[in-house]
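Subject: Structure for you to look at

Hi,

Here is the structure we talked about. Please open it and follow along with the notes below.

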Amino acid sequence: MKRLMPILVAIVAVNCYNVKVRPNDGLYILKNESSGELDWWQNAVFYQIYPRSFMDSDNDGIGDLQGIIKRLDHLKDMGITATWLSPIFKSPQVDQGYDISDYYDIDPDYGTLKDLSQLLEKAHALGIKVVLDFVPNHTSDKHEWFLMSVNKTKGYEDFYVWHDCYIQDNKTIPPNNWISNFKDSAWEYHPQRNQCYLHQFAIQQPDLNYRNPDVVKAMKDVLRFWMDYGIDGFRCDAVNFLFEDKAFSDEPRSYIPNVAENDYSYLNHIYTLDQPETYDMIYQWREVLDDYTKQNKTDTKVMMTEAYTTIENTMPYYGLSDGSRKGAHFTFNFNFVRNLTKGFDVRDLTNCIERWLTYLPSIYTSNWVLGNHDNRRVASRFGTQYIDALNMITAFLPGVMITYNGEEIGMEDGEVTCKEGHDPQAIKNCTTFPNDSRDFERTPFQWDNSTNAGFNKGNATWLPVSKKYKEVNLAAENVLGLNSYYNVYKKLLQMRKNFTETANFDSISIVQLSKNVVQLVRKTGTHEYDLVFNVGDKNESVQFVNTWGDYQVVVSNSNSSYKTKDIIKNNNKTIHLGPYDSVILYNTLTVSGASQFLKVSYTMTGNIVLMIMLNSSDLSWWETAVFYQIYPRSFKDSNGDGIGDLNGIIEKLDYLNETGITATLLSSIFKSPQFDQGYDVTDFKDIDPVYGTLDDFKELLTKAKDSGIKIIIDFVPNHTSNQHEWFQKSVAREAGYEDFYVWHDGKDVNGTIDVPNNWISHFGGSAWTWNEQRNQYYLHQYFSQQPDLNYSNPAVLEAMQDVLKYWLDIGVDGFRINSAPHLFEDPDFGDEPLAKRHTEYNISDYNCLDHNSTADLDDTIHLIYQWRELIDNYTATNNVEERVMITEAYSPLRKQGLYYGNGYRKGGHFSSNFLFVTTVTNPTFNIKDVTYCIDEWFIYIPEGYIDNWLLGNHDNHRAATRFGKENVDGFNMVIAFLPGIMVTYNGEEIGMEDGEVTCEQGFDPQATRNCSIFAEVSRDFERTPFQWDDSTNAGFTTGTPWLPVSSKAKQVNLAAQNVEGLSSHYNVYKDLLAFRTNFQNKFVVDVLDTYSLFDNVMQLHRRPDDAEYTLLFNMGNSSESVDYHKLNDSYEVLVASVDSSYKKRVAVNFAVSRSEFFYKLQTLREYRTPNDRILINYVLCDPFSTKKRDMENIFHNHG
C-alpha cells in the first residue's frame, strides 16, 4: 500500500466540485463560496509602525508623526493597505506609550493632534487606512482617572481594581498571590488610599476595573472619539487581561523548576487571563464599531485583538462560532511567532497553517503574522535565508497579512546593551537582559547608509542604530531590477492585488513534496498560482502535485536562480530548487469551467484531502487488518481464580472470528512478580503461571491459526523485573552481567552522594534508586522494581535478539514493542531541560521535563531498525507469512515517523497512533479537535507507510468514558473508515465504560501508593473485567475477580447486544468490520476528504475507484442541519449508530435542484434550503450506482 503525499486543503464553502485525477498526480480541487465584494480589510496588508523607531523629523532621537508623514510614500510604494501605529497617546513613557495618561491627546514626543490630522489626510489621500493601538487594560498611574480614584473622588472610587491589604514589618501583604508580567506582586500598596491596586504589568500601569459600568462607558467613549477624528480602526492590546476572578482567588503553582517565587511563570494564571467577561467586552466593542459604521455610513472600522493564549482560547475573540455575536474582525494569529522555531521543517510549517485553519470558524477571516515589536525579528529568529520565503508564505495565504516595519528589508535584531536599553521588564536585571529585553527588535528603521541610517540627521537616537545598517537598508534595496528583499516584498503585494482582482472563487492547498519542499497551490478565479519552497540547505529536484501547463515565475527569492517572467516548462512536472529557494509561479493554463463560480470571501474552513494508491493484490495481511488488544488478566478466566488466562482466550476465539478480527494483540504474559501486571518480567522465555503454561500458549497459536486469527505478543525490552536473574547477577557484579543494566556512581554534592542527574521516572520522582549491595544507583524509567537494561552492552543486544527468535520459532505472528523510545540514554547522563508545557505539572512529574536524554535517541531508532531486519530475515528465511512489529511510542509526531523508518531502513510495520488518546482530551473538545488529529497525523507521518488508528488501550481511560457513551459508535466509525489499520481495545466494541475501583481494591502501583491521587492517576478503571453477560461477575469468572466488575455490566454486556437485528454498539461494530472487508478488497485508487461542518459535525468522504462512501458524525447533544460536501442524489445507509434515525439499507435522497447551487448567503454554515434539512447522526453511506464516475466533472449536491 502506498500513500501519496498528503494534500492539506483549507477551503471556503462548496457549490460544485471539479476533480481531475491523473496517474501519480494529486487531487485538483476547486471550491467556492458566494459572497459580495470583499470588505477593505479582509485581504489587506497591515503594516505595523513602531513610531518611536520609524522616522525622527525633529532630530530629538525619537521617531514622530511628522516622520511617518514624510515616509508615507514608502508605504504607498510597497502597496500597503493600512498602517497600525503603536501607542502615540500622551504618556510618561515608562513602557514606551503603553502607560497612557490621556486617551484624548498625543504625546509630545510624537507630535500633536494637528500632526495626526495631517497624517490622516495624507494617508487617506494615498489610499492608506490608519489604525491606532488601543491600550484598554490599564492606564498610567499619572492618568487623572487614577489620581481621582486614589482620592476616592465621587464616580472614580472603583475605576481601578482596589483591594484591602496591610503593611507588616514595612512589607506589603497583598490580597492574594497574583504576580505581575514584569515580576513581583501584581499588587502595589498606595498609602494615600490605604489599599492595594492591581497592576498586571508595571507598577506604573494600574488595571482598570471593567466591572464598573462607568469604566466601560468611558472606554467606549474613547473609541467613538477617535472614530470621529477619522481613525479607521483599533488594535486592542493585551485584551485577555481585562477581567479577573471576582473572588480574587490565589492562582495555582506552575511548578516550574528553578523559577523564583516572584517570576510571572511561577503561577498558572487561571484567574487573571481569558475570563468569560473578557470575551463579552470584546463583543461590546465590536458593536460600538459596527454601529458607528452603520450610523455614519463610513468604511468599516476594524478591530484587531492581541491575546497570547491557547488556540482554543484565541478563537472566541473572533466571536461566537455561529456568528451570532461578533468580536474582533480578526485576532492575531501568533502560530508563526510561537510555534515555528529555528530549524523548522516542512511538517512544522504545514502544521502551523493547518492548525490555525482547522480551529478557525469558517465564517471568520484568517490572518498571518511573522513578528512585531515584542518578538525577535524574523531574520534573527530563523536566519536571513528564510526572509523572502516566509514573507512569500504570509503573502500567499488567503486573508490578512501583517508586516512589522523593517521586515520588508530583512532587518535583523539590533545591538543594545542593558545600559542603553529602555524595556522596563528587562533593565531591572542586566544579567537576564539579553534574554528578556524587547529593545533588540525596536531599534531604528534603516533607511539608508548615512549617519544613523537616515533615521535622523545624526543626533543621538533613543536606541542605538544596528551596526548592520550599512549593508541592510531601504536605499540599497530599492533599486529597480535588483533582486533584493524589498523588491521581492513589493512584488508579493502586487501579486496579492491580482488575487483579489481576479478571484471568482478561491482555494488553497498545501502539499508536502519531500521532507524539505512544500508546495502551496492557490486557485483564484481562472488562475492558478503555486508557491514552492525548499526549507533545506541542499539542492532539491521535486515533482509538482496537481498541476499541468507551463509556469511563469511571478516572484522568486533574492538569491534564486529563477528570475521574474522566466518560463518553466512542465514537461515532467519537475522543478529544481537551490538551498532555501522559494518561488511563486503562475500556471499559464487557465482553469477550465471557472466561469460558473461566484466571487468569494477568503474565510477558510479546515479540510484535508489524501490520495492513496494501492493494489489490493499486493497488500500483506496486516496492512488493512483489525488488531484487537486483549488484556489477558481481564478478558476471560477459565479456572475460577479470578484472573483471565490463555485458556479463557482460547474459549473466546470463536467470538473474535465472528466479530471479524484479523489479529489479536496480547498484553504481557511473560513470567513476572506482577508488580506492574506483567510489565516487570523475570523470564522472557516462559509464561506466567497466572495465565497458564507454554503448552497453553502453543494451543492458543494452533487454534487461532485455524480460526484465521494472528497472535501478536507484547515484548517488554526496556527493563526487567528487579527479581530477574540478570539483575541479581548484575547487582553481584557477576562476570558478564556487570553492565547488563544502567548503573551510575552518582554525584558529589557538598560531600553527599546524590542522584546522577535530574531524570524523572514515568511514575514520578527520581529515575534513580540506590542499591546498597552494589553501592551504586541504577536507572529505572518506570518503577524502581523495573530496572532499565543497558543496550550499550552488546551482550544485552544479543540476549534480547535471542528472545525475539525464540518466540518466532514458537510461532507468534509478531510483536508489539513496549516503551520503545527509552531503550538508550545519553551516555553523558546530562540533565534534561524543562518541557514547553512544564507550567502545567508538578516539579516531580515526568511531563515537567523535555526528555531529550532518555527518549527517542538515534541509537534507539537504529535498534528498532535492527529488530525489523531480524524479523524480515526470519520471514524470508523460513518462507512464512509476514511477521509484524508494532512500536509503542508516545513521542512527538516529528519523532514518531522515525519508528516507521528513515527511507533507507525499515522500522516498525506501524507505530501506534495515539493522537485520539493524547490530543482529544479536553472535556470541552469539539469536532475540530478530532479533525485536527487526522490532519496532523497525515502531515507528519512520511509517505509510503501504513496509517493506523486507535481510541484507547489498557493505559488510558476507555473511549466511552473519555468521549461519552453516546459517541462510541461515531468514533468507532471514524477509525474504521480511515485508511490503514484499525486497533480496538477489548470492550470498546460493546461500549464498555471505565469500571468502579477504590484505592483499596486497586492494583496499579503508580496509584495505590497514594490514595489521595488514586482517582486521578489509576489505570485500574480501564482494566476491569470484560462484560460477557448479565450473570454474576458478568460471565468473566466463577470466582472473585482480581478487579471488581463494573456495576454497569447488567446493562452493557455482549450477550445483551449480540442479538440479530438489534441496534447495538456490538452490531454496529460488526457491520463496520464487514464494511472494511468489502471496502479494502475492491479499490485501487482512493481519495479521502475530511471536513468540519460545524463545531460538532464531521464529514469524511472516500472515493475508491467507482464508488463513494461518506461518514457523517454529529458529536453534539443536539440535532444539526448542515450542508454536505460532494453528495450524489441517492445513497444507501450501510451503518448507522444505535440512536440514529437512519436504518441500515434504507435509501437516502440528497437531491436538490440545480438552481439552488446559487448561494444567497456568504458561508456554508449559513446555507439552508427550506425543504432539505437533514438530521445528521453517524451515518455511513454508499451510492446506489456503482458505474464508473466521470472524474473530470463531478457535481455534488447538498441536503
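C999 is buried, because its relative accessible area is 10%. Buried means under 20% relative accessible area, exposed over 50%, and partly exposed in between (1.4 Å probe, protein chains only). C1011 is partly exposed, at 44%.

This is a predicted model: local features need pLDDT of at least 70, side-chain atom pairs count only at pLDDT 80 or more, and totals for chains, interfaces and linings use all residues. Residues are numbered from 1 along each chain as its sequence is written, and side-chain values use heavy atoms, with hydrogens and water left out.

C999 and C1011 are joined by a disulfide, S to S 2.0 Å. A disulfide here is a pair of cysteine sulfur atoms within 2.5 Å. The torsion about this S-S bond is about -80°, so the disulfide of C999 and C1011 is left-handed.

The structure holds three disulfides. Another one joins C165 to C196, S to S 2.1 Å. Its torsion is about 95°, so this link is right-handed. C165 is buried at 13%, and C196 is buried at 0%.

C418 and C430 also form a disulfide, with sulfur atoms 2.0 Å apart. Their link is left-handed, with -75° about the S-S bond. C418 is buried at 13% relative accessibility, while C430 is partly exposed at 49%.

How do the bonded cysteines pair, numbered in sequence order? The pairing is 1-2, 3-4, 5-6.

Best wishes
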